Amino acid sequence: MSRVRPLFLLLFAAACFYVFAYPVWRLSAWAGGTWTLGWPAILGIWAVGFLGMWISFQGPRLALRYVVVHWMGISFVFASVTVVYELLRLILPLSDRAAVPWLLAAGAVLALFAMAASHHVAIRRFEIASDKLDRPLRVVQISDIHIGSRQGGFMARIVDRINRLKPDYVAITGDLIDSSAVEIDALRPLENLTGTTLFSVGNHERYADLPKAISMLEALDVIPLRQQSYLADGVQFIGIDDDENPDQVARHLPEVGVRDDHFSILLYHRPLGWESAIGHGVDLMLSGHTHNGQIFPFNLLVRRRFNRIRGLFRQGGSHLYVSCGTGTWGPLMRLGSLNEISCFDLQPRSRGPLTAGESR
């Protein structure tokens, strides 16, 4: 731990410099004249961004976090625009001073577009047939809503959209909340869900206050699955708590046990461990966590950590679905990705073979 913490602080400080200080430094230098900021000002911006991020995530400071993370999101967009221009000016004879207004306009347009996109929720539909099913069932997945970053009104919207789909079951694959300041009233719309609702723990519940989160969900008739399963209608739902250990699924799946006479659905927050799930006969694994990067080009970094960051994957008779997330972490911004609710129509194969598909 003593080695990890200094490295984490170094990477965190470097990320804060890139996001908060770098675009201001370069754009002011290119603008020239009185617009150029000296190093004391640049380092001051860096320090304020670093401290703001650090303090806002050290407890239930939702108002401070709201301000800081939106500053972070907008600055990240401008940093990305600035990097693109840095590359272009290496190969093209461009005028830096003339480019600055265009760069500011591009950053502003992209940031506004990203904010607007964060309020749209796509419905993704899939059909999967299995010999293990004797009647049609509809399972709706939501993931990474991040109440705390999002407000309770967003939760009510999601519940309304889900109920219109008339699900038999609703699977919440972690990161429902991301702050210990979230109270039960923000989650109360979950009481109105028409289908049986099951929940597996994400990393943000662990970071916030896991016992409190579990207590609130149980009070709202949501069933937490923690290294355990739930059997109904010929389906076995299995929930495993999120963990940084990449072998978490392999460790706990044998303890729970997969029923080969049931259609098995594994709820695990991270898209890791599918190989182990296949080996144990899991039919469908539902994950989230990646947000598909949420704000481009962050997805390029996410791909270095996870081989599968969005969409439906199939190997033999097993399926993995990685949700882009139903909400947003941090800033209410999406660029190059969408919020989504995933709807799975499970059918007996005797009704005719179906091909997994997708529509918005």
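Tutor: Helices (H or I, at least four residues) and strands (E, at least two) are DSSP runs, numbered from the N terminus. This is a predicted model, in which local features need pLDDT of at least 70 and side-chain atom pairs count only at pLDDT 80 or more, while totals for chains, interfaces and linings use all residues. Residues are numbered from 1 along each chain as its sequence is written, and side-chain values use heavy atoms, with hydrogens and water left out.

Student: In which helix does S28 lie?

Tutor: S28 belongs to helix α1, which covers residues 4–31.

Student: Why is S28 called buried?

Tutor: Buried means under 20% relative accessible area, exposed over 50%, and partly exposed in between (1.4 Å probe, protein chains only). S28 has a relative accessible area of 7%, so the residue is classed as buried.

Student: What does S28 touch, not counting residues up to four places away in sequence?

Tutor: With contact taken as heavy atoms within 4.5 Å, S28 touches W35, T36 and L37. A polar atom of the S28 side chain also lies 3.4 Å from the backbone nitrogen of L37.

Student: Why is the pair D283 and K132 called a salt bridge?

Tutor: A salt bridge is a side-chain nitrogen of Lys or Arg within 4 Å of a carboxyl oxygen of Asp or Glu. The closest N and O atoms of D283 and K132 are 3.1 Å apart, so the pair meets that rule. D283 lies in the loop between α10 (274–279) and β9 (284–287), and K132 in the loop between β1 (121–130) and β2 (137–142), so the bridge ties together parts that are 151 residues apart in sequence.

Student: Are D283 and K132 buried, exposed or partly exposed?

Tutor: D283, at 9% relative accessibility, counts as buried, whereas K132, with a relative accessible area of 29%, is partly exposed.

Student: How do you know which class D185 and R188 fall into?

Tutor: D185 has a relative accessible area of 57% and is therefore exposed, while R188, at 32%, counts as partly exposed. The side chains of D185 and R188 meet in a salt bridge (3.2 Å, N to O).

Student: How many salt bridges does the rule give?

Tutor: The count comes to 19 salt bridges. R26, E86, R89 and D96 are linked in a network of such bridges.

How values were computed:
A polar contact is a pair of N or O atoms within 3.5 Å; within protein, one must be able to donate a hydrogen and the other to accept it, and residues adjacent in sequence count only if both atoms are side-chain atoms.
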